[in-house]
Amino acid sequence: MKLFKARNRIVYLSRQSNDKSMDMKLLELEIKKENPDIEQVFRLKMIPDSLAAQVKYCFSIIGDMYYLATSRVAILDTYSIAVSCLKHKKSLKVVQMWHALGAIKKFGLQSVGAKEGRSEKISNAMCMHKNYDYILAPSRAAARFYMEAFGYNADRMKICSLPRVDEILSDNGVSERFFRENPALSDKKIALYLPTFRDREPYVAQQLKVEFAQIENYHLIVSTHPLFSKVKRDNDFFYNGNYSTIDLMKIADIVITDYSACAFEASVLMKPLYFFVPDYREYSVERGINIDIKAEMPSAVFENAQELCRAMESDKYDFNMLFAFKSKYIENTKNNNTQILAKFILMQMQ
């Protein structure tokens, strides 16, 4: 593959989804605006469950190898077999644009050997997170976790928020459309529950459902992790229409999460943010936690659903606490993150 000549090309790789992420879409448009002559190729494929499909997936890795050999920059938002397991041309610049806007829970190399993490044997065999030239981190505080998770020093960290921050800050009229499609919810406050991916989620979600069923002026929307299917759709806690997680955060009056990185996205909007973590001790052991949310968001962390609802109904929220949290973990909350990242990527093309 090294015999192929590198072109004026950027290749995007992901196992997170078969479709372009919002970050990729925004970055693609900005790069096209800055330099329309650059070719942008997307190699996006989740690893399928069936054995036959997995064998077919292996052939797609050959395609990844070709585009890595013929591109000047590779941008990925997950681990890539072709990137980490192979040796590449020195001219290729690899940028890790991780798919989350921060890390409350441990991930990557941080969680190797933990109950919910990879085994050390597999991690070493698959050369986990090797061959990155730059890793995007939304703040210096977050960069400390990223260095551990990816196994790099500070000189590989590029402090830069993801393009999605621009979308979070934009006014796309989603509230008007949402309440037009959901008129029965127009006279209620919306509480949005955004849990992370974990096996005990059906039990945790049920605790919130029981409490919110007794509150008349709030409607709870449960929006589970896209890779999690064990929490069945319950129409009493759902909505009509097709909305992204960011859209739902825009229409919500409060956001409830646990260890999900969506907490950082919600903080950008400066709406009341609560953490419901009845399994805090277990999760700390099984997965590990980077941020002591009980210390940093003390009046917004609850292990009891009833106590959370009481705090929520009191309308007494510490926004200074939330602002400190946002400022520490997302340094740039201006509407120019896509432009900054695009210019950085174009510099790597030279």
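Mentor: Let's start with an open sheet of six strands, in the order E2-E1-E3-E4-E5-E6, with parallel pairing. Strand E2 (39-44) and strand E6 (157-159) sit at the edges with a single partner strand each, so one side of each has no neighbour in the sheet. On average, neighbouring strands here are turned by 25° against each other, direction ignored. "Strand" means a DSSP run of E with at least two residues, and a helix is a run of H or I with at least four, both numbered from the N terminus; strands pair if DSSP finds at least two bridges between them.

Quick housekeeping before we go on. This is a predicted model, so local features need pLDDT of at least 70 and side-chain atom pairs count only at pLDDT 80 or more, while totals for chains, interfaces and linings use all residues. Residues are numbered from 1 along each chain as its sequence is written, and side-chain values use heavy atoms, with hydrogens and water left out.

On to helix packing. Helix H10 (residues 262-269) and helix H14 (residues 319-329) pack at about 120°, their axes 9 Å apart (axes are lines fitted to C-alpha atoms, for helices over the stretch in contact, and angles run from 0 to 180 degrees between N-to-C directions). Their crossing is left-handed, meaning the near helix is turned anticlockwise from the far one by less than a right angle; clockwise would be right-handed. Ala-263, Phe-264, Ser-267 and Val-268 of H10 touch Leu-322, Phe-325, Lys-326 and Tyr-329 of H14, where contact means heavy atoms within 4.5 Å. That contact divides into six nonpolar, one polar and one charged residue (Ala, Val, Leu, Ile, Met, Phe, Trp, Tyr, Cys and Pro are nonpolar; Asp, Glu, Lys and Arg are charged; the others, Gly among them, are polar).

Helix H1 (residues 22-34) and helix H15 (residues 337-348) pack at about 60°, again with axes 9 Å apart, and H1 passes H15 in a right-handed crossing. By class, this contact has seven nonpolar, two polar and three charged residues.

On a 1 Å grid over the protein atoms alone, a cavity is a set of points where a 1.4 Å probe fits but cannot get out; a pocket is an open set with protein on both sides within 12 Å along at least five of seven lines; lining residues have an atom within 4 Å of a point. Points join across faces, edges and corners, and volume is the space filled by probe spheres set on them. There is one cavity of 30 Å³ or more. The largest cavity holds about 40 Å³, and its lining has nine nonpolar, one polar and no charged residues. The second largest pocket has a volume of about 170 Å³, lined by four nonpolar, two polar and five charged residues, including Lys-87, Asp-133 and Arg-156.
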